[in-house]
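Okay, thanks for coming, everyone.

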Amino acid sequence: MKTGGKTLADRSAELQVWIKTGKARQLRVDAGLSQALVAQDCEVTASTVHRWEMGDRLPRGRNITAYHAFLARLVERERQGGESDGE
């Protein structure tokens, strides 16, 4: 299945890299977001997000798409200079 230019396999592979390198957690921390907020957006529990970030578990099924989409928004925000100084 291809959505937004990336297949589910592409998204899964990218997520695995982000998780293994710590980028998934770092994106969230840099954005000042809690695991609970990510969990709410992805419709999972905060402990699930914690396990994903620690690499104890990997997202599966629809969670791959939800978590990847969340992190991809943070990546895009970072690319655009994400520092909102209130200006």
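So, what share of the 87 residues of the chain count as buried? The value is 31%, where buried means under 20% relative accessible area, exposed means over 50%, and partly exposed is in between, with a 1.4 Å probe and protein chains only.

Quick housekeeping. This is a predicted model, where local features need pLDDT of at least 70 and side-chain atom pairs count only at pLDDT 80 or more, while totals for chains, interfaces and linings use all residues. Residues are numbered from 1 along each chain as its sequence is written, and side-chain values use heavy atoms, with hydrogens and water left out.

Now the overall layout. We have five helices and two strands; these are DSSP runs numbered from the N terminus, with helices being H or I and at least four residues, and strands being E and at least two. Going along the sequence, the pattern reads β-β-α-α-α-α-α. If you take contacts between residues at least 6 apart in sequence, 62% of them join residues at least 24 apart. Contact, by the way, means heavy atoms within 4.5 Å.

Let's start with H1 and H5. H1 covers residues 8-21 and H5 covers 62-79, and they pack at an angle of about 60° with their axes 10 Å apart. The axes are lines fitted to C-alpha atoms, for helices over the stretch in contact, and angles run from 0 to 180 degrees between N-to-C directions. H1 passes H5 in a left-handed crossing, meaning the near helix is turned anticlockwise from the far one by less than a right angle. Who makes the contact? From H1 it's Leu8, Arg11, Ser12, Glu14, Leu15, Trp18 and Ile19, and from H5 it's Ile64, Thr65, Tyr67, His68, Leu71, Ala72 and Val75. Sort the residues of that contact and you get nine nonpolar, three polar and two charged. For that sorting, Ala, Val, Leu, Ile, Met, Phe, Trp, Tyr, Cys and Pro are nonpolar, Asp, Glu, Lys and Arg are charged, and the others, Gly among them, are polar.

Have a look at His68 while we're here. His68 lies in H5 and is buried, with a relative accessible area of 4%. Leaving out residues up to four places away in sequence, His68 touches Lys6, Arg11, Glu14, Leu15, Trp18 and Asn63. Over on H1 there's Ala9, and that one is exposed at 56%.

On to the core. A nonpolar core here is a set of buried Ala, Val, Leu, Ile, Met, Phe, Trp, Tyr and Cys residues joined through side-chain atoms within 4.5 Å. The largest one has 18 residues, and Tyr67, Phe70 and Leu71 touch the most other members. H1, H2, H3, H4 and H5 each give two or more residues to this core, and the largest share, seven residues, comes from H5. Phe70 touches Leu33, Val38, Asp41 and Cys42, again not counting residues up to four places away in sequence.

Just after H2, Gly32 takes a positive phi of about 75°.

H4 tells a similar kind of story. Its buried residues are Thr48, Val49, Trp52 and Glu53, and they cover an arc of only 135° around the axis, which puts them on the same side of H4. What covers them includes H1, H2, H3 and H5. Just after H4, Gly55 has a positive phi of about 80°.

Ala39 sits in H3 and counts as buried at 3% relative accessibility. Ala39 and Val49 are ten residues apart in sequence and 6.1 Å apart in space, C-alpha to C-alpha. In the loop between H3 and H4 you'll find Glu43, exposed at 60%. Its phi is near 60°, a positive value in a residue other than glycine. Most residues other than glycine have a negative phi.

Technical notes. Arc of directions from axis to C-beta.
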